[in-house]
Amino acid sequence: APFDNVKVRQAVNYAVNRNQIQRVWGGPSVGTPTDQILPPSVPEWRDYDAYPNEPDLEKAKALMAESGLSLPVKTIIHTRNDVAGFMEVAQVIQANLKELGINVEIQGAPGSVDGAYDADPKNKAPSGLVTFSMDFPDGQSFINLLLDPAKPDFGGSYARFNDQSFIPDYDKVSALTGDARDKAYIDLDEKVMTQAAPWAPLLVPSRFDFVS
């Protein structure tokens, strides 16, 4: 709680300022705002534009009203504090959610400590900032690995997404191959984010490898 409520999760996605997050992360050269699970590097990717990069507070506050929560509420966001950008992003989110009546305490820790805490389902971390690099350019490497409703207690499933009504969709897309599989994963991305919103996607970071 309060993010076990789908209306709250949707409200967060409307309230978060992804453009400001891009600025504090380092600007357009080091990241691109996103509201989707899959990055543009996967085949058949399309921008389905579910949530805005600039906050829509009117929509967000309406969803908070629909959530039935008594406001204000308090919560915690966990993040690493040993790498530039993470605490700054957490502060943007803290300011954004205050507009919704959600008062956020930021708890920072070194990456190894923070990551282990968030990954352990026994800790019931309400929210945190996590980055992930895909292992291979296929929807399975994100959607199945990190948001499998049949395995909500898997260590990589930080969101503990457990809406079992999505399991048939997951089973169907996993059985496909080729272009049909690629398109189906993007469709599943859109369905998960618009109907369940288990994450608030923020940014697709750019990675630079310098070699001699």
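These legends accompany several close-up views of the structure shown above.

The views come from a predicted model in which local features need pLDDT of at least 70 and side-chain atom pairs count only at pLDDT 80 or more, while totals for chains, interfaces and linings use all residues. Residues are numbered from 1 along each chain as its sequence is written, and side-chain values use heavy atoms, with hydrogens and water left out.

**View 1. Helix 1 against helix 3.** Here the axes of helix 1 and helix 3 come within 8 Å and cross at roughly 170 degrees (axes are lines fitted to C-alpha atoms, for helices over the stretch in contact, and angles run from 0 to 180 degrees between N-to-C directions). That angle makes helix 1 roughly antiparallel to helix 3 (over 145 degrees; under 35 is roughly parallel, 65 to 115 roughly perpendicular and the rest oblique). Lys7, Val8, Gln10, Ala11, Tyr14 and Ala15 of helix 1 meet Leu57, Lys59, Ala60, Leu63, Met64, Glu66 and Ser67 of helix 3, where contact means heavy atoms within 4.5 Å. By class, the residues of this contact divide into 8 nonpolar, 2 polar and 3 charged (Ala, Val, Leu, Ile, Met, Phe, Trp, Tyr, Cys and Pro count as nonpolar, Asp, Glu, Lys and Arg as charged, and the others, Gly among them, as polar). Helices (H or I, at least four residues) and strands (E, at least two) are DSSP runs, numbered from the N terminus.

**View 2. The two sides of helix 3.** Take a look at Ala60, Leu63, Met64 and Ser67, the buried residues of helix 3 (residues 57-67); buried means under 20% relative accessible area, exposed over 50% and partly exposed in between, with a 1.4 Å probe and protein chains only. Seen down the helix 3 axis, these buried residues fall within an arc of 105 degrees, so they line one face of the helix (the arc is that of the directions from the helix axis to the C-beta atoms). They pack against helix 1 (6-15) and strand 3 (102-109). On the face turned away from the buried side sit the exposed residues Glu58 and Ala65. Just after helix 3, Gly68 takes a positive phi of about 80 degrees.

**View 3. Ala15 and its neighbours.** Ala15 belongs to helix 1 and counts as buried at 1% relative accessibility. Leaving aside residues up to four places away in sequence, Ala15 touches Pro55, Leu57, Ala60, Asn96 and Leu100. The C-alpha atoms of Ala15 and Lys98 are separated by 9.7 Å, although the two residues are 83 residues apart along the chain.

**View 4. Helix 2 against helix 4.** Helix 2 (residues 18-25) and helix 4 (residues 86-98) pack at an angle of about 155 degrees, with their axes 9 Å apart. The pair is therefore roughly antiparallel. Gln20, Ile21, Val24 and Trp25 in helix 2 meet Phe86, Glu88, Val89, Val92 and Ile93 in helix 4. This contact has 7 nonpolar, 1 polar and 1 charged residues.

**View 5. Backbone details.** A cis peptide bond joins Ala1 and Pro2, with omega about 5 degrees; Pro2 lies in the segment before helix 1. Another cis bond runs from Leu71 to Pro72, with omega near 0 degrees, and Pro72 is in the loop between helix 3 and strand 2 (73-80). Ala197 has a positive phi of about 45 degrees although it is not a glycine, and Ala197 counts as buried at 1% relative accessibility.
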